[in-house]
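Here are my notes on this entry. Please read them with the model open.

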Amino acid sequence: MLCLMPFIGVAQTLKEYRASNGKTYHPGDTIRVGLGSMPDGNFKYIQINELLPGPPRRNGSILNAHKDMSGSNYVIKKIKNETEASGTNKIVFTIKTGGLPTYDIWIEEAIASCEVTPCSDQKTGTSPKFSVADELLKLKKLLDAGAITQTEYDAQKKKLLAE
């Protein structure tokens, strides 16, 4: 028997949101995706927008965005303040990637894990400057661990060096 737990409350649409990285986001703005925080390089806090009702599934789900999204810019379609089943509020951005599905970003978690840039330094709460060298080191670690292929590494490296 399939039982879906509904959200408590209703998602509220916001016209803007000032995030912990110091940026104020609006629908129509562009957001930059960093690197996925999962061991395989995929994203934990960026997921395909589910069409099924119920709470979001963020932990190791097949709905996690693929590492190919790294280093790209996407347009924010909607900003929502959602109440989860636990009663906590989460700010969720819906983005369009050019394909059929939309994706949801749990923005504060994505900023804290640098899945969205600029990200915040959790110790100081400040936004560090984007370091191409640091991003290349992260990519090299993923390559060495076998989480990404040489082709994927080369493509991401090319994107980073083009900035």
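1. K159 touches D68, S70, G71 and S72, leaving aside residues up to four places away in sequence. Contact here means heavy atoms within 4.5 Å. K159 and S72 lie 87 residues apart along the chain, yet their C-alpha atoms are separated by 8.4 Å. K159 is partly exposed, at a relative accessible area of 32%. The classes are buried (under 20% relative accessible area), exposed (over 50%) and partly exposed in between, with a 1.4 Å probe and protein chains only.

2. A word on the basis. This is a predicted model: local features need pLDDT of at least 70, side-chain atom pairs count only at pLDDT 80 or more, and totals for chains, interfaces and linings use all residues. Residues are numbered from 1 along each chain as its sequence is written, and side-chain values use heavy atoms, with hydrogens and water left out.

3. K159 is found in helix α3. Helices are DSSP runs (H or I, at least four residues), numbered from the N terminus. Helix α3 covers residues 150-161 and reaches 16 Å from its first C-alpha to its last, close to the 16 Å expected. The expected span is 1.5 Å times one less than the number of residues.

4. Which residues of α3 are buried? They are E152, Y153, Q156 and L160. Seen down the axis of α3, they fall within an arc of 100°, so they line one face. The arc is taken from the directions from the helix axis to the C-beta atoms. These buried residues pack against α2 (132-144). The face turned away from the buried side carries exposed T151, K158 and L161.

Definitions and conventions. Helix = DSSP H or I, 4+ residues; strand = E, 2+ residues; numbered from the N terminus.
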